Amino acid sequence: MTSPAHDPAWVRGTMTAVAVTSPKSVETVEIPIPGPLAGHALVRVSYAGLCGTDLELLHGTASYVLDGRTRYPHVVGHEWSGTVVTAPGTGLAAGQRVVGQTMVPCGGCAHCRGGRRGLCPHMREVGLYGLQGAAAQYVRVPASSLVPVPDTVDARSAALVEPAVTVVEAFRRAGCLPTDRVAVVGTGTIGLLAVQLAAHLAQHVDAVGVDAPALELATGLGARRGLLPGQADPSAYSLVVEASGASAGFARALELVEPGGRVAAVGVTHEPVPQVDAARITLDGISVLGIRHGLDHYDETLGLFARGVLRAAPLIHAELPAAEARQAFRTLETGRGARPKILLSFDAADAADAADAREAEEAHVR
Ligand SMILES: [Zn+2]
Ligand SMILES: [Zn+2]
């Protein structure tokens with residue numbers, strides 16, 4: 001077995017990365033390529049997706065920043081895909097296309113050994129806290145946190161697997177049935193993935209949101225109707241997925257669910273939710289499920305993309321090279337339009353065929 005330290009395939013030198021260097025400041029920087037480490041792989045990154053959490057890291061409002069787990073400069077990138085360069089002694093082959101799990105649990109504590117590794121108290125998360133992010137030409141991650149990507153899933157779709165695993169967890173926890181009437185509140189990446197999965201699993205799904213063009217996009221992805229908040233009937237849904245991350249969205253979800261129904265809370269709001277009617281939760285027997293993440297659903301989620309149940313292309317607003325990271329964050333914050341996802345590309349070859357792939361996909365959507 002090659003010792004990682006003497007692995008000639010492990011690329012040395014410096015690389016381009018995207019870092020939040022101080023609150024409100026994001027830059028493309030040149031940093032050392034992480035060195036060899038036992039049990040780890042060096043991965044050449046194809047795409048890193050940006051989401052609301054990256055904006056919170058930029059503004060210094062993320063819980064990881066507030067409690068000191070994340071310090072600047074901080075290389076972002078927790079939704080990503082790439083290709084293994086080398087992974088000595090791990091069983092992963094060079095050239096293997098992979099998606100990286102964000103959460104890296106310790107593997108040794110009672111939670112990890114008891115089948116609840118998503119709750120590991122020693123957790124580190126790639127690009128969030130404890131581990132360098134994947135918005136870089138290369139990322140070094142434990143081989144056990146990499147999941148092989150089948151040939152039928154392209155690198156852009158693979159970068160959306162991370163948000164999608166949480167959606168899969170939501171429908172699993174809620175025990176979604178074909179007879180369910182589903183409402184999805186929120187039309188961001190999570191919401192639009194939830195609409196697609198709900199349309200596959202249940203007879204009826206409505207999208208509820210505040211953005212008319214995004215609601216229209218939701219109907220193109222399988223929602224029967226796209227409804228503004230005042231248009232959705234109270235107590236009309238057996239399963240409501242809260243994907244807005246707004247306190248008003250959480251209150252709305254509780255209003256829309258029927259007696260005996262379930263609310264799967266995926267969006268995170270740090271605001272108080274003053275409108276909660278706790279008596280209604282009790283007396284109407286409503287289940288409110290907190291959906292933390294879907295660490296155990298990466299393979300299943302890749303399968304959903306492979307079968308076309310989940311589609312990434314209609315969700316992608318723009319792909320920008322790493323050098324335009326500042327513009328990417330600006331677009332994420334102010335000008336996305338209906339499509340919620342911004343990708344940073346780190347591999348020129350991927351970016352070139354992405355344009356062709358997108359044209360093909362758009363022809364398929366229409
Ligand atoms: Zn994210
Ligand atoms: Zn653990």
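Modeller: Eight residues of domain 1 are in contact with ten residues of domain 2. Keep in mind that this is a predicted model.

Biologist: Where are the bounds of domain 1 and domain 2?

Modeller: Domain 1 takes in 4–160 + 312–365, and domain 2 covers 166–290. Their C-alpha centres are 28 Å apart.

Biologist: How much area is buried between domain 1 and domain 2?

Modeller: About 750 Å², with 71% of that coming from carbon and sulfur atoms. On the side of domain 1, the residues that lose the most area to domain 2 are Leu315, Ala338 and Pro340, which together make up 55% of what that side buries.

Biologist: How many salt bridges does the rule find across the interface of domain 1 and domain 2?

Modeller: Zero salt bridges turn up across that interface. As for composition, the side of domain 1 that touches domain 2 has five nonpolar residues, three charged and no polar.

Biologist: Switching to cysteines. How many disulfides are there in the whole structure?

Modeller: Zero, from a search of the whole structure.

Biologist: And Cys109, buried or exposed?

Modeller: Buried, because its relative accessibility is 11% and the cut-off for buried is under 20%.

Biologist: Why does Cys176 count as it does?

Modeller: Cys176 has 15% relative accessibility, so it counts as buried as well.

Terms used
Residues numbered from 1 in each chain as written. Chains lettered and ligands numbered in written order. Predicted model: local features only at pLDDT ≥ 70, side-chain atom pairs only at ≥ 80, totals over all residues. Heavy atoms only, no water. Disulfide = S-S within 2.5 Å. Buried < 20%, exposed > 50% of the residue type's maximum accessible area, 1.4 Å probe, protein only. Domains from an automatic or database assignment. Contact = heavy atoms within 4.5 Å. Buried area = accessible area lost by both parts, 1.4 Å probe. Salt bridge = Lys/Arg side-chain N within 4 Å of Asp/Glu carboxyl O. Nonpolar A, V, L, I, M, F, W, Y, C, P; charged D, E, K, R; others polar.
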